[in-house]
Amino acid sequence: MLFRSMPLKHNVILVPVGFRDPIPGIQQGINRSVFLELISNSTLVRNKTKAIEEVVIHKYTDWSNPEEPLINRANSLNFLTDNGFRAPLVRAVEFFAKYGVKSYVFQLDFGPGDWYSWLGVYHGADFRYMFGYPLMNSSASPNDTEVRFSRLFIKLWSSFAKTG
């Protein structure tokens, strides 16, 4: 198999894959009907039946406050991230492991504060640190959290590239 001798790196980053078309007022959250529509219209779940849809709705609903717009927005992002990235990544890593391919996974939980704070760490946010963007900002202090994190991130990636 072609991949047997090639170590692979995988990552998981929270991603708003279902929010390609902006939802008006999303900064204030989403109402229950939009939340249910996102799950119902999702093409991320293969062979989806009504029973599977109900299980997904049950899992991604905070039953202590199912109408709360901010919670519905967060749970929608969790659903879209799990189904669009996390679950396929786990399947891929399991597949490669079955054939003895070394695989590495990381999850970035630190993200830039330059986008909607509710979005968290978005897809591609790691590039900002990997390529030293915070270090290029002339007004940034060397003690700035993003500068320190970028230096650490570059060091970790360099070490990984050297030693695996």
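Start with E53, which counts as buried because its relative accessibility is 10%. Buried means under 20% relative accessible area, exposed over 50%, and partly exposed in between, with a 1.4 Å probe and protein chains only. The model is predicted: local features need pLDDT of at least 70, side-chain atom pairs count only at pLDDT 80 or more, and totals for chains, interfaces and linings use all residues. Residues are numbered from 1 along each chain as its sequence is written, and side-chain values use heavy atoms, with hydrogens and water left out.

**Stop 1: helix 2**

E53 and K50 form a salt bridge, with the closest N and O atoms 3.5 Å apart. A salt bridge here is a side-chain nitrogen of Lys or Arg within 4 Å of a carboxyl oxygen of Asp or Glu. Both residues lie in helix 2, 3 residues apart, so about one helical turn separates them. Helices (H or I, at least four residues) and strands (E, at least two) are DSSP runs, numbered from the N terminus. Is K50 buried or exposed? K50 is exposed, with a relative accessible area of 54%.

**Stop 2**

Select S64, in the loop between helix 2 (50-59) and helix 3 (69-98). S64 counts as exposed, at 66% relative accessibility. Show D62 as well: a polar contact of 2.6 Å joins the two side chains, S64 and D62. A polar contact is a pair of N or O atoms within 3.5 Å; within protein, one must be able to donate a hydrogen and the other to accept it, and residues adjacent in sequence count only if both atoms are side-chain atoms.

**Stop 3: helix 3**

Color helix 3. At its start, a side-chain oxygen of E68 comes to within 3.1 Å of the backbone nitrogen of L70. Move along to T81, which is in helix 3. T81 is buried, at 1% relative accessible area. Its side chain reaches the backbone oxygen of L77 at 2.9 Å.

Where is the kink in helix 3 centred? Select D82: the kink there is about 45 degrees. The bend at a residue is the angle between axes fitted to the seven residues ending there and the seven starting there. D82 also meets R86 in a salt bridge (2.5 Å, N to O). The two residues are 4 residues apart in helix 3, about one turn. D82 is buried at 17%, and R86 is partly exposed at 25%.

**Stop 4: helix 4 to helix 5**

Select R128 and E146. They form a salt bridge, with the closest N and O atoms 3.0 Å apart. The pair links distant parts of the chain: R128 in helix 4, E146 in helix 5, 18 residues apart. R128 and E146 are both buried.

**Stop 5: aromatic rings**

Show the rings of Phe, Tyr and Trp. The whole structure has 14 aromatic pairs. Rings (for Trp, the six-membered one) pair if their centres lie within 6.5 Å; planes under 30 degrees apart count as stacked, over 60 as edge-to-face and the rest as tilted. F106 and W157 are edge-to-face, 5.6 Å centre to centre with 80 degrees between the planes. F106 sits in strand 2 (residues 103-107) and W157 in helix 5 (residues 145-163), 51 residues apart. F106 is buried at 19%, and W157 is buried at 18%.

Finish on the cluster. Select Y104, F106, F110, Y129, F149, F153, W157 and F160, which form one aromatic cluster.
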